[in-house]
Each structure stands twice: as structure tokens, then as C-alpha cells.
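Please look over the sequence and the structure below before reading on.

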Amino acid sequence: MKKFAVFSGFLGSGKTTAMMALTKYYTDRHGKAAMISNDLGAGVTLADYRLAKLSGVLSSEITDECICFCHGVLAEHLNRFYGEGCDLVVSDIPGFGVGALEHVYRGMSRSFPGEFEMAPFTVLIEPRSVELLRSGNDADTARILRAQLVEADLIVLNKCDLISADEAEEYRAWLKENYPQTDVLLISAAREEGLEELSLALKNGTASMREPDLDLEDKALGDAMDRLTEYYIQYHAEVCCNTFDGTDYLKDIALRVQAALKEGGFEVPHLKLLAWEPEGDFGKVDLLGTDRPVEITRRFERPCTGIAVVLNANAVCPAAELDRVMTQAVEESSKVYQLEIKIFKKQCFNLGE
Ligand SMILES: Nc1nc2c(ncn2[C@@H]2O[C@H](COP(=O)(O)OP(=O)(O)OP(=O)(O)O)[C@@H](O)[C@H]2O)c(=O)[nH]1
Ligand SMILES: [Mg+2]
């Protein structure tokens with residue numbers, strides 16, 4: 001079997017966490033699986049792929065292009081995994097993933113007829129996004145969420161650990177009623193719950209290859225995408241004496257970025273802060289909005305002396321301003337923690353430019 005599925009969903013909905021959990025679970029119980037991390041950035045290794053590697057998940061990365069437009073490269077990655085005995089490969093998609101059915105599912109079927117078996121097009125959503133939709137909100141985020149869900153073959157409500165079982169069922173019923181073409185599964189990727197149902201849905205299901213009524217020219221949707229700025233930095237940080245708490249250091253940077261963006265009236269749907277020691281110990285901190293608490297996703301197990309750091313941000317903020325905020329936060333935190341830093345790579349670009 002050469003099964004392939006795309007995981008779409010809003011920034012921070014848990015695609016990477018779910019792909020990592022599923023890949024491990026599926027490999028343990030159903031057959032070998034792998035994941036592809038698809039993010040934008042020129043020739044760099046981004047946080048999600050590094051996280052998958054540090055977590056021991058079979059994975060690869062496509063960074064220079066969206067899988068919508070590089071079918072040959074995607075096919076190479078898929079064939080390598082299938083050649084290694086994988087039955088299932090899942091990939092995420094950068095930006096908001098809107099249009100993936102046409103560009104990836106039908107596109108791959110046209111480029112490589114009959115070669116890959118398409119599993120249901122899977123869209124992840126988290127409870128607070130369902131709440132936003134239920135409120136009838138018409139802001140950018142709600143428009144993007146609706147455009148994503150209309151395309152879905154399978155909706156996965158993630159982060160169910162954050163709500164009660166009754167609420168989860170209520171949300172499922174609402175999603176089912178509003179998107180009757182799909183199945184709706186409940187999972188908690190972080191707690192590795194609901195993965196059997198998800199495995200079976202991907203293993204046994206096939207993509208509908210529908211052509212939903214999707215207005216890709218929707219100006220508001222395009223404008224919303226254009227407002228997003230991506231930031232990437234990779235550097236090395238070494239303490240001058242003794243050791244330091246790598247997790248607290250990442251958290252300190254996140255708090256500074258959060259405060260500065262909030263003060264400027266900007267938003268940050270997802271800031272990822274990942275750092276690791278040469279022996280493999282690592283820490284990860286996430287920020288999912290200026291109004292939400294900084295989350296410690298994984299703590300370093302030991303005190304740090306020298307770490308490699310990758311920070312990725314998606315923000316609704318002009319590129320120059322985001323660059324300034326991020327650079328200042330890194331400099332200030334590094335000073336407080338008495339770290340000498342050496343920057344290897346930095347990129348900041350607006351998706352609309
Ligand atoms: N409580 C809870 N948190 C989760 C769950 N899944 C993911 N998260 C957290 O949500 C945040 C974002 O998760 P990611 O997997 O990075 O989300 P993503 O969709 O890949 O984000 P982008 O790559 O920015 O699009 C991280 O802090 C995760 O730890 C879950 O099931 N429950
Ligand atoms: Mg991700």
C-alpha cells in the first residue's frame with residue numbers, strides 16, 4: 001500500500017504534534033509510517049522537522065516550496081519512504097492549506113496517475129476555533145477556517161484534552177451538521193488519544209476528490225494570507241560560566257515577543273521556540289497568540305551549557321517590525337542569561353510580497 005494523506009489546519013491546531021503521534025502509533029500497530037514537514041524557508045531546517053527528528057520520528061522536510069507546486073519533489077520523498085517499507089506517509093502544508101484538494105490531491109493524481117493511493121484529506125481544528133465559528137464571527141481567522149473545512153474529507157477535532165467529553169461531542173455534532181460531507185474524529189495528539197480511529201480512517205478510507213465550491217479568489221482570504229509574515233532564525237548560544245535553564249530561556253524570549261507584539265497591536269498565531277544540546281536533550285516552547293499563556297511543550301531534562309536554537313514565527317505584523325521585535329527579544333534574553341550567541345541564518349518575509 002502506498003497511502004498518502006495531507007494534514008491541513010490552522011496555525012497551531014496541532015498538525016505537527018498529530019503527525020508525530022500518528023506516525024509513531026501507526027508504525028507500532030499497523031505498518032511503517034513517516035511524515036513530511038512542509039514549511040516555507042529557503043534551504044533551511046525548520047523547527048517542526050527538527051522537532052520530529054529530535055523526537056525520533058521517521059520524517060523528511062520540504063522547505064523551499066509548497067507541496068502544491070512541486071509534485072516531482074513530493075513524489076521523490078514519498079517513493080523514498082515507500083522504498084523503505086512505509087505503508088503510510090502524511091504531510092502538512094504551509095500557509096493555510098486552502099486549495100490543497102485541487103493542488104495536491106488532484107494535482108498529484110494528474111502528475112502521477114494511479115501511483116499513489118490518496119487517503120482522506122484531513123483537516124485539524126482545535127476547540128477554540130470551533131467556538132469562533134459557532135459564534136458566527138466573520139474575522140479573517142473564521143474565513144480561513146471555513147475555507148479549510150469545506151475541503152475536508154475528514155475533520156479531526158484535536159486538543160480534546162482541553163474540553164470535557166460532553167463538550168467534545170457537542171462540537172463534533174456541530175461540525176457534522178455544518179460539514180456533512182465529512183467524518184469527524186476526536187483526538188488529543190498531545191495525550192496520544194484517538195489515534196486508533198485516525199489510523200483506521202487513513203488506512204481504510206480514500207480521498208473523495210470532490211470539487212467543493214471554493215472561491216480561491218476570495219479577496220478577503222487572499223488579503224488575510226498576505227498579512228502573514230514568517231520569521232526564522234537559527235543560532236548557537238553558549239553560557240559564559242556554569243549552566244543555565246534552557247527552557248526558562250526560551251520562555252523568556254517568548255514572553256518578550258508576546259509583550260512587544262501586543263503593545264504594537266500585532267498578533268502572533270504561532271511562535272515556535274526549539275533548542276537542543278548536542279547529546280539530544282531538547283526543549284520546546286510555543287506561543288499561540290498574544291492573549292494566550294506561553295506553553296512549555298517540552299522541558300530540557302538537564303541544565304544547559306551550549307544550545308542550538310531555532311525560532312519560527314508566523315505573525316500578523318510587517319516584516320521589518322517582526323524582525324526588530326524578534327531580534328531585540330533574543331538579544332535581551334541572551335544578555336540576561338549571560339549567553340554569547342552566534343547567528344547562522346535569519347529570514348523574515350511577508351507572504352504577500
Ligand atoms: N493541550 C493540547 N495541546 C496540543 C495538542 N496538540 C498540540 N498541542 C499544542 O499546540 C501547540 C501547536 O502544536 P503544533 O503541532 O506545533 O501545531 P501546528 O498545527 O503544527 O502549527 P503550525 O506548524 O504553526 O501550523 C503546541 O504547543 C502543542 O504542544 C493536544 O492534543 N492538546
Ligand atoms: Mg507544524
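Into which domains is the protein divided? In this predicted model, the protein is divided into domain 1, covering residues 3–220, and domain 2, covering residues 228–350.

**Domains and their contact**

- The centres of domain 1 and domain 2, taken over C-alpha atoms, are separated by 26 Å.
- Where the two domains meet, 11 residues of domain 1 are in contact with 17 residues of domain 2, and the side of domain 1 that touches domain 2 comprises 8 nonpolar, 2 polar and 1 charged residues.

**Surroundings of ligand 1**

- Ligand 1 is surrounded by 22 residues, of which G14, T16, T17, A190 and D286 are the closest.
- By class, the shell around ligand 1 holds 5 nonpolar, 11 polar and 6 charged residues.
- Both domains take part in the shell, since at least three of its residues are drawn from each of domain 1 and domain 2.

**Helices α10 and α11**

- Helix α10 (residues 246–263) packs with helix α11 (residues 319–336) at an angle of about 140°, their axes lying 9 Å apart.
- The two helices α10 and α11 are therefore oblique to each other, given that only angles over 145 degrees count as roughly antiparallel, and their crossing is right-handed.
- On the α10 side the contact is made by Y249, D252, I253, R256, V257, A260 and L261, which meet V325, M326, A329, V330, E332, S333 and V336 of α11; by class, this contact has 10 nonpolar, 1 polar and 3 charged residues.

**Helices α5 and α7**

- Helix α5 (residues 127–134) and helix α7 (residues 165–178) pack at an angle of about 55°, with 11 Å between their axes, and this angle makes α5 oblique to α7.
- The crossing of α5 and α7 is left-handed.
- In this pair, P127, V130 and R134 of α5 meet Y171, W174 and L175 of α7, and the residues of the contact divide into 5 nonpolar, no polar and 1 charged.

Technical notes: Residues numbered from 1 in each chain as written. Chains lettered and ligands numbered in written order. Predicted model: local features only at pLDDT ≥ 70, side-chain atom pairs only at ≥ 80, totals over all residues. Axes fitted to C-alpha atoms, helices over the stretch in contact; angles between N-to-C directions. Helix = DSSP H or I, 4+ residues; strand = E, 2+ residues; numbered from the N terminus. Parallel < 35°, antiparallel > 145°, perpendicular 65-115°, else oblique. Left-handed = near helix turned anticlockwise from the far one by under 90°. Contact = placed C-beta atoms within 7 Å. Nonpolar A, V, L, I, M, F, W, Y, C, P; charged D, E, K, R; others polar. Near = placed C-beta within 6 Å. Domains from an automatic or database assignment.
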